[in-house]
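Let's take a friendly walk through a protein model, one piece at a time. Keep the 3D view open and turn it as you read.

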2 protein chains.
Amino acid sequence: MDKKLQQLKMYLAEITDLNGAAALLGWDQQVNLPPEGAAARGEQLGTLGRIAHDRGTSPELGKLLNELKPYAAGLDPDSDEARLIKVAARDYDKAIRVPSDFIVESSQIQSLAYQAWVAARQKSDFSLFRPHLEKVIELAQRYVTFFPPADHPYDVLLDDYEPGMKTAEVQAIFNAIRPKQVELIKTIAGKPQVDDSFLHQPFDEKKQWDFGVEVITRFGYDWRRGRQDKAPHPFTQSTSSGDVRITTRVDPNFLNTMLFGTMHECGHGLYDQGHAPELERSPLSAGASLAVHESQSRLWENLVGRSLPFWQHFYPRLQAVFPQLKKVSLDKFYRGINRVQPSFIRVEADEATYNLHIMLRLEIEIAMLEGRVAVKDLPEVWNTKMQDYLGVTPPNDAEGVLQDVHWSSGMIGYFSTYALGNLISAQLWEKINQDLPDLSDEIRSGKFDGLLAWLREKVHRYGKKYEPQELVQKVTGSRIDPHPYLRYLNQKYGEIYGL
Amino acid sequence: MDKKLQQLKMYLAEITDLNGAAALLGWDQQVNLPPEGAAARGEQLGTLGRIAHDRGTSPELGKLLNELKPYAAGLDPDSDEARLIKVAARDYDKAIRVPSDFIVESSQIQSLAYQAWVAARQKSDFSLFRPHLEKVIELAQRYVTFFPPADHPYDVLLDDYEPGMKTAEVQAIFNAIRPKQVELIKTIAGKPQVDDSFLHQPFDEKKQWDFGVEVITRFGYDWRRGRQDKAPHPFTQSTSSGDVRITTRVDPNFLNTMLFGTMHECGHGLYDQGHAPELERSPLSAGASLAVHESQSRLWENLVGRSLPFWQHFYPRLQAVFPQLKKVSLDKFYRGINRVQPSFIRVEADEATYNLHIMLRLEIEIAMLEGRVAVKDLPEVWNTKMQDYLGVTPPNDAEGVLQDVHWSSGMIGYFSTYALGNLISAQLWEKINQDLPDLSDEIRSGKFDGLLAWLREKVHRYGKKYEPQELVQKVTGSRIDPHPYLRYLNQKYGEIYGL
């Protein structure tokens, strides 16, 4: 049976290699590729994707997995081997359900939908995108039918991003926080606003970049296992745990873009650099889920990077780099970077309002999937919910329903992961602070090795061995719980806005 | 039959995609990869290589090619289709002869040989490399046996780099030029040496880079279809004709490294950017051979970049960038960059001595393959030939027999392509000057569009449609002919050294 297991590992290793190669091609497409290379790159990615898919759905793989079932049953269920077989079987069982024709049709529809979305957003004209989005929703509805009936059809979509997560769980979590977050931002709106005008002024681009590098080097980002480049839409892509690539962008007239973007992507990067070496070249050498990945980026960006102890250490350094900040006190700076202001655009939202952007999207996705909301009514539904949750109405569709790329690329079920990531980050943070009572002092003296070691030990090294809820339970003692995030928001903004 | 042809094209397109992906992984390995990513990258390249090889030797491909034979016989033999089938059949027939075991064994031996060579060169100790080189030569001897008997066993090795070329042809060409080049450098040695000390002084790295970019932009390097990066050992790698990547290096204390290295790689890049769009995603979208590729790099580097008309235009600009050259006259500069000086290292050799480095290597490879020279005697044979041809003896093996990477990577048969490239470049140059009588004047006014258009039309667009001898015949009216190069050397150095 050891021979079969070796065969499986080798088979999965080659699929992992193909995915790693595709990851590099994708990274390069956004960072390096000359414009006239785009068509051929698309073909290359298509070919790699087809080969990986063919192998991931091959009868040979199915036979191996089947033969290994009795062997797996005898293993410690927490062992790497048992988990590898489990994850590989889950991926295989899901993949073989989706007909090849459907995949081809999906990519064609998505490719056209993406182009239509680009044009629609540019012209702020939802009608250009509408027929395409209708097809995308119809695809999602059809996709669900390939799987056994779930508690809710949306479960099938969610499972692709958050293995094992149920729609009802997410709804319960979101229902618990929605009224509290809505109330919080209303209370804040009644208080005097903090000033953040000093963040909007010219900052030398090279100095910004270098400051970001200084911070993440201190975080523990390992340059022997990673790099950082510029990209118009920052992202993290890893081709292996020894080759992790974060990207950032620098706005010459606004400090936050580079500052928190760099820390955010570094959080993703630290996670990818931390998977146990034994998991390399296997599907387990990846994040547990998108939400867990996001918990890592948010933890470094917000819990660390937007905290007072962090700036107690780094602000003098930042002032030395940008002397124009010398007249801005630490207290004023700290309040400024934590300003709460309901706005139209999700990716620019602050910690208090962000999750509400997500809830609105989740509700809309579920309603469209169920057929309760028609695509044609989307702009109106969007704007109504924006008014209800955030008290603002987008002036046009480009800043409203057309702002995100996800739907045009067929990613229905993705959005919740952002909000869940926020919740997990605060939940981990409470646990970390119990385990490391001196953490604030350490951060105040610019030390992050204890924190990183904790994350490596409790989260990073496991890679994709555990499902997200399992991992959160294992680390914190309970499943995803919205209360730590609410406690965090109330305490932080209570102090800043004097609530 | 059209359907079969479409199937063949699609099959070859996917193999081309895999090779394009591997090309990017290889480029990235030398330009971007963090050190700890090397092991996984090796696995990814191995997997892509295996899949491409499996497909390139599959019975399915063999069947398709066989079925298309009668169809191909009815086509215009010069049509893209006929040539595609011919080249694909040639590649297939060669590939299936080599057993998979042999390929695996070869990569293992070469991998160890490469590591041993690195250590041996570092310590300048040939004995460390010797047992590995013996195995590499034995592999080459075994490789030859997989193919039908040729006029000379070395033909089989040569054919991998120069399709259709025979050992006897190369020997005849080299025999014709060897005595003339040896005589030329002896005559030059009797004349007063030109001064090139002004090339060895500090030159700002950024300004060097920018000047190189300025020159190759003027050459016509298309930045929408290409890029340039830094690499310790400059090379050109293309993932498609719309994504051509040249690299260069900058020596802060020596101008030639960046100057002629950049023009050299640009020559390769212009060739890759010029393949006809109809050949994209096929094995024909590549250079005709390594020698023809080298003819393009050498043409821009030497025939253009080391010419007087070129510097009549660019020297004032170079002086403006580097004011320390203002006291060096154009004439002195031109002589300096064309200084002839027998030396130990091939890659640093000038135009008059370069080919002799190659001839020595070819003679040694053939003798080793035939078993006439034992690996253990190599340092002695090397040094004797260096003395005979160039009048110098390397002080140690690192600067002698251990200087090149090729043998350690199993590349036996490669070296001649460098010298053949030089010869072809001069042969093309004579023809170009017949077709474009005003070429010198154009270069003198910094114009290269006529030259590039000629190369596009006569050479670049054909890609790999023709074998190298066929192409040279088609363009110049004769097969590879050493006399244009000799005429070029005699005229150029006659003027510079007053012979």
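Two strands count as paired if DSSP finds at least two bridges between them. With that in hand, look at one such bridge in this predicted model: B:Ser240 stands opposite B:Asp243, which belongs to strand 3 of chain B. Another bridge links B:Thr236 with its partner in strand 3 of chain B, B:Ile246. Strand 2 and strand 3 (residues 243-248) of chain B pair over four bridges in the antiparallel sense. Two residues lie between strand 2 and strand 3 of chain B, and the two strands form a hairpin.

Now widen the view to the sheet around this hairpin. In chain B, an open sheet of three strands has the order 1-3-2, and its pairing is mixed. Strand 1 and strand 2 of chain B are at the edges with a single partner strand each, so one side of each has no neighbour in the sheet. On average, and ignoring direction, neighbouring strands of this sheet are turned by 20° against each other. Helix 1 of chain B packs on the sheet and touches strand 1, strand 2 and strand 3 of chain B. The direction of helix 1 of chain B makes about 145° with that of strand 2 of chain B.

Is strand 2 of chain B buried or exposed? To answer, you need one cut-off: a residue is buried if 20 or more other C-beta atoms lie within 10 Å of its own. In strand 2 of chain B, five of the five residues are buried, so this strand is largely enclosed by the rest of the structure. Helix 11 of chain B covers residues 255-273, and from its first C-alpha to its last it reaches 27 Å, close to the 27 Å expected at 1.5 Å a residue.

Next, turn to chain A and find its sheet. Here, an open sheet of three strands has the order 1-3-2, with mixed pairing. Its edge strands are strand 1 (226-230) and strand 2 (236-240) of chain A, each of which pairs on one side only. Neighbouring strands of this sheet are turned against each other by 20° on average, direction ignored. Strand 1 and strand 3 (residues 243-248) of chain A run parallel and are joined by five bridges. To see one bridge for yourself, find A:Lys230, whose partner in strand 3 of chain A is A:Thr248. Helix 1 (residues 2-31) of chain A packs on the sheet, touching strand 1, strand 2 and strand 3 of chain A, and its direction makes about 145° with that of strand 2 of chain A. Helix 11 (residues 255-273) of chain A packs on the sheet too, touching strand 1, strand 2 and strand 3 of chain A, with a direction about 170° from that of strand 3 of chain A.

Helices also pack on each other. In chain A, helix 15 (residues 354-370) and helix 16 (residues 378-390) pack at an angle of about 145°, and their axes are 10 Å apart. The crossing of helix 15 of chain A with helix 16 of chain A is right-handed. Among the residues that make this contact are A:Leu356 and A:Ile364 of helix 15 of chain A, and A:Trp382 and A:Tyr389 of helix 16 of chain A. By class, the contact residues of these two helices are ten nonpolar, no polar and two charged.

A:Ala140 lies in helix 7 (residues 126-145) of chain A. A:Ala140 counts as buried because it has 22 C-beta neighbours inside 10 Å. Which residues does A:Ala140 touch, not counting those up to four places away in sequence? They are A:Leu157, A:Leu369 and A:Ile412. A:Ala140 and A:Ile412 are 272 residues apart along the chain, but their C-alpha atoms are separated by 7.3 Å.

Finally, look at where the two chains touch. The contact takes 33 residues from chain B and 33 residues from chain A. On the side of chain B, the elements giving two or more residues are helix 1 (2-31), helix 2 (38-56), strand 1 (226-230) and strand 2 (236-240) of chain B. That side of chain B has twelve nonpolar, nine polar and twelve charged residues.

Methods
Residues are numbered from 1 along each chain as its sequence is written. Chains are lettered from A and ligands numbered from 1 in the order in which they are written. This is a predicted model: local features need pLDDT of at least 70, side-chain atom pairs count only at pLDDT 80 or more; totals for chains, interfaces and linings use all residues. The expected span of a helix is 1.5 Å times one less than its number of residues. Two residues are in contact if their C-beta atoms, placed from the backbone, lie within 7 Å. Ala, Val, Leu, Ile, Met, Phe, Trp, Tyr, Cys and Pro count as nonpolar, Asp, Glu, Lys and Arg as charged, and the others, Gly among them, as polar. Axes are lines fitted to C-alpha atoms, for helices over the stretch in contact, and angles run from 0 to 180 degrees between N-to-C directions. A crossing is left-handed if the near helix is turned anticlockwise from the far one by less than a right angle, and right-handed if clockwise. A residue is buried if 20 or more other C-beta atoms lie within 10 Å of its own, exposed if 12 or fewer, and partly exposed in between; C-beta atoms are placed from the backbone.
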